[in-house]
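Hi,

Here is the structure I promised to pass on. Have a look at it first, and my notes follow below.

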Amino acid sequence: MTAQNKVILDVQHIGVDYFSRSGTVHAVSDVSFSVNRGEIFGLAGESGSGKSTLAFAVARLLKFPAEITGGRALFYPKPDDARSEPIDILQLNKKELRDFRWKKLSIVFQSAMNALNPVLSVQTQIIDTLRTHHPHLHRDEYYQRAVELVKMVGIAPERLKSFPHQLSGGMRQRVVIAIALALNPELIIMDEPTTALDVVVQREILSEIQNLKNTFGFSVVFITHDLSLLTEICDHLAIMYAGKIVEQSNRQTIMRNTQHPYTHGLLHSFPSLYGEKKQILGIPGHPPDLRNLPPGCAFHPRCAFAAESCRTVYPSLQPVDASAADHLTACHLYDPRLQPNGPPKSLSRQVVNDEPQTIETDILAGGQ
Ligand code: SF4
């Protein structure tokens, strides 16, 4: 597989602003990342870090007062697709976008109750999606596909007649995933798909997503504030703070060789399922006002390692070192010109979990 065939989505220098009377909110600034075919790419960060805005920008779902201020979102067709040129999603016209969405890229929203129409049955909602894109099928074919889809996500076909309020939270989220899968998309953006669910159902849905991804080969951009989830299911992940990516790498590297103090803080914000009990350390302070970001590193008012340069010089996203080109971080601690002695030992001692907790562990075995 060539490098180009490997990548399905290449986001380049995207920026998004929200306009308000009290000032312009720079929700996303100059963000770039790429997603490989068949992988789960995670975007993590606190509320207001810009992760959902970024995903909505890529899916072209933002409305005024939001505005995409620049960048590209290149979607690479499958190697066997008649169209070989990448598609810049941000440049599609309305008709092209209608054809593109759901067939190539679909979205699973945070709240299934809001994503589903409360006065239509599950069957009607699935068939409506199918009919919009394939208007000439026979009604038996629509029904058969609806049955196939609900079975795929672990719901009995008898529940097709149910209305959303007659289903549990987990079942509603499964229905939303079934609708997202209706047209066999190559990429699915999942925006906090398990946030409103209890932990057991959350784990079942995560397991379901992984199984479906392995079966059908689609890619996922998985957005959550809960970094512990991403460390279970993602292949690569990016950590966002104040509208920018501050650290990015594969899952193992982020878990075992965390570099950015903000990532350290997030990884210390949830308890480990294994090993001895440890004190959970939060991140002091609050996310910054995106209308008026602090100068230099936006994290400096909350960072235990902030030096004078952090208050004045903006840290750009750079490879941690020459031998780890796919591990990027935006922190002066790894810039030998500003920190000749390297990061303080107290930071490297903050290694979090020794082993990533995988979804295939015994805890989930019973739920599959
Ligand atoms: Fe902390 Fe400075 Fe690194 Fe920002 S650049 S995360 S303030 S050490």
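Let me start with Cys297: its relative accessibility is 13%, so it counts as buried (buried is under 20% relative accessible area, exposed over 50%, partly exposed in between, with a 1.4 Å probe and protein chains only). Cys303 is buried as well, at 18%.

Before the rest, some ground rules. This is a predicted model, where local features need pLDDT of at least 70, side-chain atom pairs count only at pLDDT 80 or more, and totals for chains, interfaces and linings use all residues. Residues are numbered from 1 along each chain as its sequence is written, and side-chain values use heavy atoms, with hydrogens and water left out.

Both cysteines are also found around the ligand, in a group that includes His260, His300, Cys310, Cys331 and His332 (near means a heavy atom within 4 Å). That shell has nine nonpolar, three polar and no charged residues (Ala, Val, Leu, Ile, Met, Phe, Trp, Tyr, Cys and Pro are nonpolar; Asp, Glu, Lys and Arg charged; the others, Gly among them, polar).

Last, the domains, whose bounds come from an automatic or database assignment. Domain 1 covers 3–225, and domain 2 covers 258–284 + 293–368. Their C-alpha centres lie 29 Å apart.

Cheers
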